[in-house]
Number of protein chains: 2
Amino acid sequence: MTRRATIPVQSAAARPRGKTRNGKSRNDKTAERNGRTDAIDLSPLPDRVGYMLRRAQLAVFKNFVRTCAEFDIRPAQYAVLTVIENNPGLKQIDISTALGIKRTNLVALIDLLERRGLARREPVPADRRSYALHLTARGKTLMGKLHARVDAHEQQVRDALGAEARDRLLPMMRRLIAALGPGSADEES
Amino acid sequence: MTRRATIPVQSAAARPRGKTRNGKSRNDKTAERNGRTDAIDLSPLPDRVGYMLRRAQLAVFKNFVRTCAEFDIRPAQYAVLTVIENNPGLKQIDISTALGIKRTNLVALIDLLERRGLARREPVPADRRSYALHLTARGKTLMGKLHARVDAHEQQVRDALGAEARDRLLPMMRRLIAALGPGSADEES
DNA sequence: TATTGTTATACTCTATAACTATA
DNA sequence: TATAGTTATAGAGTATAACAATA
């Protein structure tokens, strides 16, 4: 190996903070062994909403990508296609606002969809700065199959959640977004 | 403007799919106007767990970053620092597994923490392939202040959620992760 | 042979500044 | 002046392949 010089070792036992911050008493299972047979103390991360939200979101997105692998469609692409499908003639700035994607980042996304023959930019005579977005025939056909796949994905997710949680989760997410502000674009600094 | 050639316009009215897929009857408010005064139809996105999870996660992370701006610490850095704090002497591979960060991506993260003088790689005599990770004194001091900030952030999030939701959300996230598999590294393909 | 850390690389997503052509 | 789309660019985060040192 070709790295880092040797550094004087410090006693590894000291608990950084006075309190333990969770239930587990450090040292009943010494974590500083080799094979790492005992569990790692993640506290307080598993009790943080943000951390668990992130892990869960990654798991759900991964399932989405796997489910839609046949069509090579990612969540963001599906969202844009869906909005165009529901609101044909929309401008990019409208999609940007609706989905919280900065208009500057939407360009490449639309470019891709256009290159793949799924969506189309059409000139707007009334305002020659903007484009009216539409699905192509191929895009519409794809969405037909895609929605079915995404429905299947959603069913897996809801099965994982269980019946009682299913109806409570979405309102929670809405409350978080409303109270903390939308996490993405929009606020155009 | 220097782009795209003119494309023949197609009728913008046609509803792409046979069914409406949501409650809103398209066309009671025609969406194809100019000023975009009426709402955009996002269905079925706001009812998708993945979509709402993503929007909420971005909102929460944004709040986290804002709250910890003074220390210039991002969620991933906080997670790594926390794990090292709780389990001094840990190897990178252990952190990788615990947090779902690929060991290959953890390198730059640890490099940064080391460069900032917050963490330290120490040689392990028993296994000269790996390093034992520790917080520096400066890292420990930072974590003291940081935990307080993150606690404040967490309180804001929990206030936004409301009391009844607070206790239900985390178990839901656990169920999603358990059922769908951890979204990140680990499974080392 | 397998594991640990590493480099190199690529792709997605997010973000800011600045330009253009229109309005 | 403001808006819509764009370019250029930068930084996180995630992903794979391949290597050296060590087990």
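Hi everyone, let me start with a term: a nonpolar core is a set of buried Ala, Val, Leu, Ile, Met, Phe, Trp, Tyr and Cys residues joined through side-chain atoms within 4.5 Å. Buried means under 20% relative accessible area, with exposed over 50% and partly exposed in between, using a 1.4 Å probe and protein chains only.

A quick note on the model: it is predicted, so local features need pLDDT of at least 70 and side-chain atom pairs count only at pLDDT 80 or more, while totals for chains, interfaces and linings use all residues. Residues are numbered from 1 along each chain as its sequence is written, chains are lettered from A and ligands numbered from 1 in the order written, and side-chain values use heavy atoms, leaving out hydrogens and water.

Now, the largest nonpolar core has 96 residues, and A:Leu176 and B:Leu176 touch the most other members. Contact here means heavy atoms within 4.5 Å. Beyond four places in sequence, the residues touched by A:Leu176 include A:Val49, A:Leu53, B:Ala56 and B:Val60.

Next, A:Leu169 sits in helix H6 (residues 163-180) of chain A. Helices (H or I, at least four residues) and strands (E, at least two) are DSSP runs, numbered from the N terminus. A:Leu169 is buried, at a relative accessible area of 1%.

Let's move to chain B. Helix H3 (residues 92-99) has six of its eight residues buried, so the helix is largely enclosed by the rest of the structure. Just after H3(B), B:Gly100 has a positive phi of about 70°.

Finally, strand S1 (residues 119-123) of chain B has four of its five residues buried, so this strand is largely enclosed too.
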